[in-house]
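Please look through the briefing below alongside the model.

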Amino acid sequence: MDYRILDRSQLDIERWNNTILKTPYAPPYALSWYLDASSGEQWKALIRGDYEQVMPLPYKQLLGLKQIYQPPLSQQLGIYGTNLQKEDIASFLNRIPAYFQPACISMNANLNSHEIEGWKCTQRDNYILDLNQPYDRLRSGYSQGFRSHINKNKPKLKVESFHDVDELNTHFLKIIGHRIGLKKKQLQIAINILKTAYRRDQAFMIQVLNSDNEWVAQLYFLKMKNRIIKLRAIANSQGRKYCANHLAIDHIIKTYANQDIILDFEGSSIPGVATFFKGFGSTLSPFYFYEREGFIPRLYDLWRSFKT
C-alpha cells in the first residue's frame with residue numbers, strides 16, 4: 001500500500017477526521033480543528049492508502065530547519081486508523097522525510113513499544129479509568145484516604161457546570177502558570193485550544209463552590225464519544241484544604257458510570273501526580289515518545305542545553 005505526504009491545504013478534511021474518529025477511544029488531538037488550533041495550521045500529513053491510516057506531522061521552523069514536535073495540550077499523536085499493529089510504527093516513522101530535523105513524536109497509547117533503528121524510544125506514563133461499570137464498584141476502587149476525604153468534605157462543597165473559559169484561564173495563570181514558566185506564545189495557543197474545543201461542544205467545565213458560593217476548584221475536560229480527558233484542573237488554597245478536586249473527579253465518575261467511556265487523566269510521570277490519579281483506581285496506560293537519532297538532533301539538543 002502506498003504512502004504520501006500532503007500539506008494541510010491538500011487534505012480531504014472530512015475523510016481525515018473520519019479516520020481519526022474511527023480509531024478506537026482516540027483522543028481529539030489529531031482532529032483537523034484541534035491540530036489547527038495547537039499548531040497554527042502548520043502541519044502536514046502522512047497518509048497510507050486511501051486514508052486507511054494517517055499520521056499528523058505538526059512542524060515549526062527553528063534554526064532554518066523544519067522540526068516535527070509535540071504541540072501544546074496534545075499528549076499523544078501518532079498513527080490513526082483501524083487494524084493498527086506495532087509494526088506500523090516503523091512503516092510510518094521511516095517514511096517521514098529527512099528534511100524534518102529533529103523529529104519528535106508521541107505515539108498514541110493503542111500502539112505498543114517497538115524498537116526501530118535510527119529512533120530513540122522512551123516510555124511516558126498516562127493513567128486511565130474504564131467507566132463502563134457501576135458507580136459503587138468504581139468507588140470501591142478508590143483509595144481509603146480518597147473515600148475519607150470525599151465523605152468528610154462533601155457537605156461543605158457543591159459541584160456545578162460553568163462556562164467561562166477566560167475565568168478558568170485567569171485562575172490557572174495566577175495559581176499555576178507562573179510556576180511552570182509558560183511563554184506568552186504558549187499561553188495564547190493554549191487559550192485558543194480551550195476556546196475552540198469549547199465552542200465546538202467538544203469540551204465542558206465544572207467548578208466546585210464553597211458554602212458562600214465562591215469557587216474553590218475549576219476543571220476543564222475534553223469530550224469525545226468514548227473518551228473524557230482531564231485537560232486542566234486548578235484549586236485555590238481553600239480548594240486544596242477541602243480536597244475539592246477529589247470531589248470534582250468523583251462527580252465526573254458518578255455522572256458517566258456505566259457508560260462505554262474512558263476517563264483519561266492525561267499523565268503523569270511525576271510521582272506525586274501519578275499517586276493522585278491512582279487514588280481513583282486508574283490504571284497505567286503507557287505511551288511512547290520517539291526521537292529521530294543523528295547528528296542534527298544531537299546538535300539541536302546541544303543548542304537547547306546552552307539556551308536553558
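Of the 308 residues of the chain, 53% count as buried, where buried means under 20% relative accessible area, exposed over 50%, and partly exposed in between (1.4 Å probe, protein chains only). The model is predicted: local features need pLDDT of at least 70 and side-chain atom pairs count only at pLDDT 80 or more, while totals for chains, interfaces and linings use all residues. Residues are numbered from 1 along each chain as its sequence is written, and side-chain values use heavy atoms, with hydrogens and water left out.

**The whole chain**

- The chain has eleven helices and 15 strands; helices (H or I, at least four residues) and strands (E, at least two) are DSSP runs, numbered from the N terminus.
- The radius of gyration of the chain is 20 Å, close to the 19 Å that the globule rule gives for 308 residues, so the chain is as compact as a globular protein of that length. This radius is taken over C-alpha atoms, and the globule rule is 2.2 Å times the number of residues to the power 0.38.
- Along its principal axes, the C-alpha trace spans about 60 × 40 × 35 Å.
- Among contacts between residues at least 6 apart in sequence, 74% join residues at least 24 apart; contact means heavy atoms within 4.5 Å.

**Helix H2 and its cover**

- Eight of the eight residues of H2 are buried, and the helix is mostly covered.
- These buried residues are Ser32, Trp33, Tyr34, Leu35, Asp36, Ala37, Ser38 and Ser39.
- Their cover includes the helices H1 (13-22) and H7, together with the strands E2 (43-48), E3 (53-62), E11 (215-223) and E12 (227-235).

**How H2 packs on H7**

- Helix H2 (residues 32-39) packs against helix H7 (residues 184-199) at an angle of about 155°, and their axes are 8 Å apart. Axes are lines fitted to C-alpha atoms, for helices over the stretch in contact, and angles run from 0 to 180 degrees between N-to-C directions.
- On the H2 side, the contact is made by Trp33, Tyr34, Ala37 and Ser38; on the H7 side, by Ile189, Asn192, Ile193, Thr196 and Ala197.
- The residues of this contact divide into six nonpolar, three polar and no charged. Ala, Val, Leu, Ile, Met, Phe, Trp, Tyr, Cys and Pro count as nonpolar, Asp, Glu, Lys and Arg as charged, and the others, Gly among them, as polar.

**Residues with positive phi**

- Gly40 follows H2 and has a positive phi, near 65°.
- Glu41 is not a glycine, yet its phi is positive, about 65°. Glu41 is found in the loop between H2 and E2 and is exposed, with a relative accessible area of 52%.
- Asn213 is not a glycine either, and has a positive phi of about 65°. Asn213 is found in the loop between strand E10 (203-209) and E11 and is partly exposed, with a relative accessible area of 48%.

**Cis peptide bonds**

- The peptide bond from Gln101 to Pro102 is cis, with omega near -10°; Pro102 lies in strand E6 (residues 100-107).
- Gly267 and Ser268 are also joined by a cis peptide bond, with omega about 10°. Ser268 is found in the loop between strand E13 (262-264) and helix H10 (271-278).
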